[in-house]
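Here are a few exercises to work through with the model open beside you. Try each task before reading its solution.

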Amino acid sequence: PRWHRHQDRRGHGLLAVQDRAARFEGGRYVSLLDTCGGHTREYHFHERLSCLYNESDLGDGLGSAVGVMNDGKLLFGRIAGPNVPSYEGPAGERLPFLDACGGAFDRDGLNYHYHVQVRPPFTVGCFGPALDDNGAERPVTLAECRALYSGCAAAPTTVVTASGAADYALWCPCYDRAGSSVGKIPLRAFAPTPPPLATPPR
């Protein structure tokens, strides 16, 4: 196994991360993701980003900030802070209602931001928010996200894994509620009757 050392997001010391699946085959480096969701040659993340934030640190009420995306908006951890409309996840955690970009507004509808996700695209599928006919900001729909990428309209590829076979649009970062890049199950943010919003702690 290989170990990688890097600073956490606040520059507090070094994290030691074990890349348990790193190996060489036929002189070629092969690596799966480590416990943080990243890997090397030059260390980078693909998913989770779990070593960059603490899920119990909800910061300014939106969640635990992880980084800044290329559009200048903040990316927060996967747990919703008390100022973000949310629903109860499978383990009782508060998860934000995300649009197709992976973004959400705060409870006042003013602060659009992104959250890390446990399913693809893991961070952002596009840059939001969308604008309505009057120029007001609103969440991005699955159809709007997919219209941004020609890969979303391409014929899907069947991918076979140990879990079975599934259709997958290779170059489409827009996923439905079931985590499919070709499916059409509405996202929770657009469900006809979304679960009630969590009451902020006092």
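This is a predicted model: local features need pLDDT of at least 70, side-chain atom pairs count only at pLDDT 80 or more; totals for chains, interfaces and linings use all residues.

**Exercise 1.** Decide whether S180 is buried or exposed.

*Solution.* Start with the cut-offs: buried means under 20% relative accessible area, exposed over 50%, and partly exposed in between, using a 1.4 Å probe and protein chains only. S180 has a relative accessible area of 19%, so S180 is buried. Next, place S180 in the chain: S180 sits in the segment after β16 (164-168), where strands are DSSP runs of E with at least two residues, helices are runs of H or I with at least four, and both are numbered from the N terminus. Finally, list the contacts (heavy atoms within 4.5 Å): leaving out residues up to four places away in sequence, S180 touches R146, C174 and Y175.

Residues are numbered from 1 along each chain as its sequence is written, and side-chain values use heavy atoms, with hydrogens and water left out.

**Exercise 2.** Find which parts of the chain C145 and C174 link.

*Solution.* Take a disulfide as a pair of cysteine sulfur atoms within 2.5 Å. C145 and C174 are joined by one, with an S to S distance of 2.0 Å. The angle about their S-S bond is -75 degrees, and the link is left-handed. C145 belongs to helix α1 and C174 to the segment after β16, 29 residues apart. Both C145 and C174 are buried.

**Exercise 3.** Work out why the disulfide of C101 and C126 is called left-handed, and what the pair ties together.

*Solution.* First, the sulfur atoms of C101 and C126 are 1.9 Å apart. The torsion about their S-S bond is about -90 degrees, so this disulfide is left-handed. C101 lies in the loop between β10 (94-96) and β11 (103-105), and C126 in the loop between β12 and β13 (130-131), so the pair ties together parts 25 residues apart in sequence. C101 is buried at 0% relative accessibility, and C126 is buried at 4%.

**Exercise 4.** How many disulfides does a search of the whole structure find, and what pattern do they follow?

*Solution.* The search finds 4 disulfides. Counting bonded cysteines along the chain, the pattern reads 1-2, 3-4, 5-8, 6-7.
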